[in-house]
Amino acid sequence: MTSLPALAAGTAAAEPLPESGGAAVEGRSPWQLAWARLRRDKVAVASFAVICLIVLLAVFAPVIAGILGHGPNTQFRTTGLSPQGIPVGPGSRFFFGTDDLGRDVFLRVIYGARISLLVGVVASGLAVGVGLLVGLAAGYFAGPVDSVLSRSMDVVLSLPYLVFAIALVSLLGPSLLITIGVIAFFSWASVGRIVRGQVISIKGKEFIEAARSVGSSHARIMFVDLLPNVLAPTIIYATMLIPLSIVFESTLSFLGIGVLPPTATWGNMLSEAIPYYRVAWWFVAFPGLALLVTTMAFNLLGDSVRDALDPRAGHFRTRAGK
Amino acid sequence: MLRFLVRRTAFGVVVMWLVASIVFAMYFIAPHNVARTLAGRQASAATVAAINHTLGLDRPIIVQYGSFLWRALHGNLGYSYANAEPVTTLIGQDLPVTASLVVGGALIWLVLGVSTGVLAATRPRSVTDRATTGLALLFYSMPTFLLGEILLFVLFFRLHLIGVDWFPGAGYVPFTQDPLQWARYLILPWLTIALVTAATYIRLTRGSMLDVMGEDYIRTARSKGIGEGRVIYRHGLRAALTPVVTQFGIDVGTLLGGAIVTENVFGLPGLGELAINSLTKQDLPTIIGLVLLASAFVVIANIIVDIVYSLLDARVRLS
């Protein structure tokens, strides 16, 4: 049984044959073809390298703090602030300068990466997990199950998410957990919709009929036969969901309804920095740059992953927070 | 068509009922006691009971639920705790600000996004295409508040320093009072919301145009000898607009309920600012009113989108 039949048909022809001179023809799966395409894509490699660097910095943030000899919340009231109480600019002691409380912006930007990546990956992961389950069930079972699940996806998709997020936070209070929950809650439905569409288009194929004829259970058909075939669009959507979640988190934190200070996140650093932009550009510039570079790297990688996995895919995306 | 409209409206009503029920439940999950908050710390039990009675909070929940739905259905969203004014009055004051921002911004991003998208799609892999898709990705990756702050810094603060006073930093002048000032105060917010949103439209239009221009009927149109401009705009763009229309409906509908981030950055007293302020004041009735209003906008926008579909694309038959 071929996995990804649709993909294989669509992309095998477009792939130029390497070394056709005499060498034995080697069969490659669609996944291998996609991987080869991705590795040849310079933009993909570059953005992946940037993401790896950010991940490394985030993971080793405590080590970097150890080398520097202070934490992200250590306040340098004498060395980190001018006598007038103005933040100190970038230099050999504070690479990115200090903030309004005399804290090291460089270290706080690195610690901010931990929150952004954590929220980006966990919220997207949750959304993709729930979306996959719901989409598989809705597409496979059809009938009343499909009606209920599809309508609930429609409802979630037609909620004004930012206003709703404010209402939720007003009841539950802002926190990291609520932030992740809110982002996942407003993201799973689009995954579910895509998966459902894919399942409906392939569940009539012969190999599903064959699986049913040998007595496979519903669960086995859904997870062993259908799941591998909806993975490609899901992976594409997941890579696009990560930067969206990162922007969503930074927006919530900027508005003061996400992750609260003193925990450093790029969003709440920027919100603290705004009153100081006239006197301390570094306080605004570095968290802003970190945020922009990260989301750009993920979006560029996402585009490349889409091109590699499915050169003819449509682009369905929404933005978080305006 | 009529059957479709009825079904679609019925779904909209169900969504609104669900939202209203969720929102009603919020009153009871809320961690604070309304009467206690209103009466103050020193109030006697009798005063609290009296306030509860005036607000109708001592009735059975099902009765309160019924009267909440009934009042909401008649456009009565209750009283704001913080301002002692009807929620609808507050919304009435702030809606024109949000609407000014969204309508102006939407015009800019639609024209900018679609025309740039078409430009890129009709010259695939050219310098124009690469430059516009690159720029689109930059603005697509940019959080709205970040772009707003950058524009404020460059166009308000830096220009202000060298004595150029074109763009005000914050505030709002009603259109009825002075249309010119109204536009002047809204230019930066319009630009902010339009640039980040146009990025999505460029990507959407480009992708969808590329798909459509490969269709057989485009080849047929060309073979009939129709000019390329007419092929692109009358035959290509018309069909390619379908995903753009969906996105436009969702965006305008969502933003009309409060362009929270943009209003926050530019100090515009719109619905989004009202929502943030109500959050800090724990003003539950106002938040709930705003959620209901915002949901209504999205529901209505979705119905309009479906109608526009059938007008744009002859292949869509509504049933």
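## How confident is the predictor?

Let's start with the confidence scores, since this is a predicted model. For the complex, the predictor gives an ipTM of 0.83 and a pTM of 0.83. Chain B has an average pLDDT of 83, and 93% of its residues score at least 70.

Chain A has 322 residues, and 45% of them count as buried. In chain B, with 319 residues, the buried part is 37%. Next, take the contacts with a separation of 6 or more: in chain A, 71% of them are between residues 24 or more positions apart, and in chain B the figure is 72%. The C-alpha trace of chain B spans about 85 × 60 × 35 Å along its principal axes.

## A helix that is hardly covered

Look now at helix H10 of chain A, residues 206-213. How many of its 8 residues are buried? The count is 0, and the helix is hardly covered. After H10(A) comes Gly215(A), which has a positive phi near 85°.

## The two domains of chain B

Chain B is divided into domain 1, residues 2-73, and domain 2, residues 90-312. Their C-alpha centres lie 34 Å apart. The two domains also touch: 13 residues of domain 1 of chain B are in contact with 10 residues of domain 2 of chain B.

Which element gives the most to the domain 1 side of this contact? That is helix H1 of chain B (residues 2-29), with 10 residues. By type, the domain 1 side divides into 9 nonpolar, 3 polar and 1 charged.

## Where chain A meets chain B

The contact between the chains takes 38 residues from chain A and 46 residues from chain B. On the chain A side, the elements that give two or more residues are helix H7 (161-172), helix H11 (218-254) and helix H13 (281-309). The residues on that side divide into 23 nonpolar, 11 polar and 4 charged.

The largest nonpolar core has 156 residues. Those that touch the most other members come from both chains: Val163(A), Ala165(A) and Ile166(A), together with Ala275(B), Ile287(B), Leu290(B) and Val291(B). Helix H5 of chain A (residues 105-141) provides the largest share of this core, 17 residues. The core lies between domain 1 (2-73) and domain 2 (90-312) of chain B, because both of them give residues to it.

Leaving out residues up to four places away in sequence, Ala165(A) touches Val182(A), Leu252(A) and Ile257(A).

Phe266(B) lies in helix H11 (residues 260-266) of chain B. Why does Phe266(B) count as buried? It counts as buried because it has 28 C-beta neighbours inside 10 Å, and the cut-off is 20 or more. Apart from its neighbours within four places in sequence, Phe266(B) is in contact with Gly148(B), Ala170(B), Leu188(B) and Pro189(B). Phe266(B) and Arg234(B) are 32 residues apart in sequence, and their C-alpha atoms are 39 Å apart in space.

Gln42(B) sits in the loop between helix H2 (34-39) and helix H3 (45-54) of chain B. Is Gln42(B) buried or exposed? Gln42(B) is exposed, because it has 6 other C-beta atoms within 10 Å, where 12 or fewer is the limit. From Gln42(B) to Asn264(B) there are 222 residues in sequence and 36 Å in space, C-alpha to C-alpha.

Terms used:
Residues numbered from 1 in each chain as written. Chains lettered and ligands numbered in written order. Predicted model: local features only at pLDDT ≥ 70, side-chain atom pairs only at ≥ 80, totals over all residues. Helix = DSSP H or I, 4+ residues; strand = E, 2+ residues; numbered from the N terminus. Domains from an automatic or database assignment. Contact = placed C-beta atoms within 7 Å. Nonpolar A, V, L, I, M, F, W, Y, C, P; charged D, E, K, R; others polar. Core = buried A, V, L, I, M, F, W, Y, C linked by C-beta atoms within 7 Å. pLDDT = per-residue confidence, 0-100.
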